[in-house]
Amino acid sequence: MPDVCERLWRICATGFCFAVFGGGGLALRFVVFPALSLFVRDRGKRALCSRAVLSASFRSFVGLMHLCRVFTYEVRKRERLRRSGLLIVCNHPSLIDVVFLISLVRNADCVVKSALLHNPFTRGPILAAGFVSNSTGPETVDACVASLRAGSNLIIFPEGTRSVPGQPLSFQRGAANIAVRGGRAITPVLIRCAPPMLTKGEKWYRVPRKRPHFVFDISDDITAADYLRGDVPPSLAARQMNRDLELHFS
């Protein structure tokens, strides 16, 4: 009986937290960011301020879910995320992975699905923070390289969508292409969640029987220069780097 009550509590707490998230997204879009645009006229400075506001908001949201006993979490080698100009590549087991990552990373940029620009809860924060949309095709790589050179910490989920439990990982080559063309190292962040929570196709109210525990493990950098030795063409280097990334995360 205690287990049943605890699970019912987590269902209610999860619904409450997502309601707060939706309300917060609308407040940011219609109140906070418009007010910010009145006081910070420079577009670049306004994007930096918006990212700081978004990171703080996401930290509060993660703290709320943790306080409500929806999950527990730990971050290993957190200090590795306190640098600038990072190309952060992550696997994507859960719906709230991006919320976690942006809460942990300063001046975070992110490659987001273009569909999120049509979502009333996410459109405002994405536009205010100047996140990169994946709808621009080859220009996405150029935009990502420019973001890194400007000192942003760029977060990419190379699967393009959430992982399917039990299925092998399949990475798109975008992150590897950015690393090779921009001459950047990749900082891998391996995300684990046991038992799985908010996986692809799973309804928010289908919480696992036990409280999930997230682990964010920041690995050593993978240097693009190691793949460009000799006369190796960039396209081949990116392909090999992408295969190694799949192996690393698998």
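Start at helix 6 (residues 174-182), where Ala175, Ala176, Ile178, Ala179, Val180 and Gly182 are buried. Buried here means under 20% relative accessible area, exposed means over 50%, and partly exposed is in between, using a 1.4 Å probe and protein chains only. Helices (H or I, at least four residues) and strands (E, at least two) are DSSP runs, numbered from the N terminus. The cover over those buried residues includes strand 2 (87-90), helix 5 (139-149), strand 5 (153-156), strand 6 (186-194) and helix 7 (234-249). Just past the end of helix 6, glycine 183 has a positive phi of about 65°.

A quick word on the model: it is predicted, so local features need pLDDT of at least 70 and side-chain atom pairs count only at pLDDT 80 or more, while totals for chains, interfaces and linings use all residues. Residues are numbered from 1 along each chain as its sequence is written, and side-chain values use heavy atoms, with hydrogens and water left out.

## Two partners for helix 6

Helix 5 packs on helix 6 at an angle of about 55°, with the axes 9 Å apart. That makes helix 5 oblique to helix 6. Axes are lines fitted to C-alpha atoms, for helices over the stretch in contact, and angles run from 0 to 180 degrees between N-to-C directions. Under 35 degrees counts as roughly parallel, over 145 as roughly antiparallel, 65 to 115 as roughly perpendicular, and the rest as oblique. On the helix 5 side, Val141, Asp142, Cys144, Val145, Leu148 and Arg149 meet Asn177, Ile178, Arg181 and Gly182 of helix 6. Sorted by class, this contact has 5 nonpolar, 2 polar and 3 charged residues. Contact means heavy atoms within 4.5 Å; Ala, Val, Leu, Ile, Met, Phe, Trp, Tyr, Cys and Pro count as nonpolar, Asp, Glu, Lys and Arg as charged, and the others, Gly among them, as polar.

With helix 7, helix 6 packs at about 130°, and the axes are 8 Å apart. Helix 6 is therefore oblique to helix 7. Here Ala176, Asn177, Ala179 and Val180 of helix 6 meet Pro234, Ala237, Ala238, Met241 and Asn242 of helix 7. That contact splits into 7 nonpolar, 2 polar and no charged residues.

## The nonpolar cores

Which residues have the most contacts inside the largest nonpolar core? They are Phe71, Ile88, Leu101, Ile155, Val189 and Phe214, in a core of 43 residues. A nonpolar core is a set of buried Ala, Val, Leu, Ile, Met, Phe, Trp, Tyr and Cys residues joined through side-chain atoms within 4.5 Å. Elements that each supply at least two residues of this core include helix 1 (2-39), helix 2 (43-67) and strand 7 (213-218). Apart from it lies another core, of 25 residues, among them Cys144, Ala176, Tyr227 and Ala238.

## Helix 2 against helix 3

The axes of helix 2 and helix 3 come within 8 Å and cross at roughly 120°. These two helices are therefore oblique to each other. Ser55, Phe58, Arg59, Phe61 and Val62 of helix 2 make the contact with Val98, Val99, Phe100, Ile102 and Ser103 of helix 3. By class, that gives 7 nonpolar, 2 polar and 1 charged.

## A loop residue

Alanine 115 sits in the loop between strand 3 and helix 4. Buried or exposed? Alanine 115 is exposed, with a relative accessible area of 52%. Alanine 115 and asparagine 134 are 19 residues apart in sequence and 9.5 Å apart in space, C-alpha to C-alpha.
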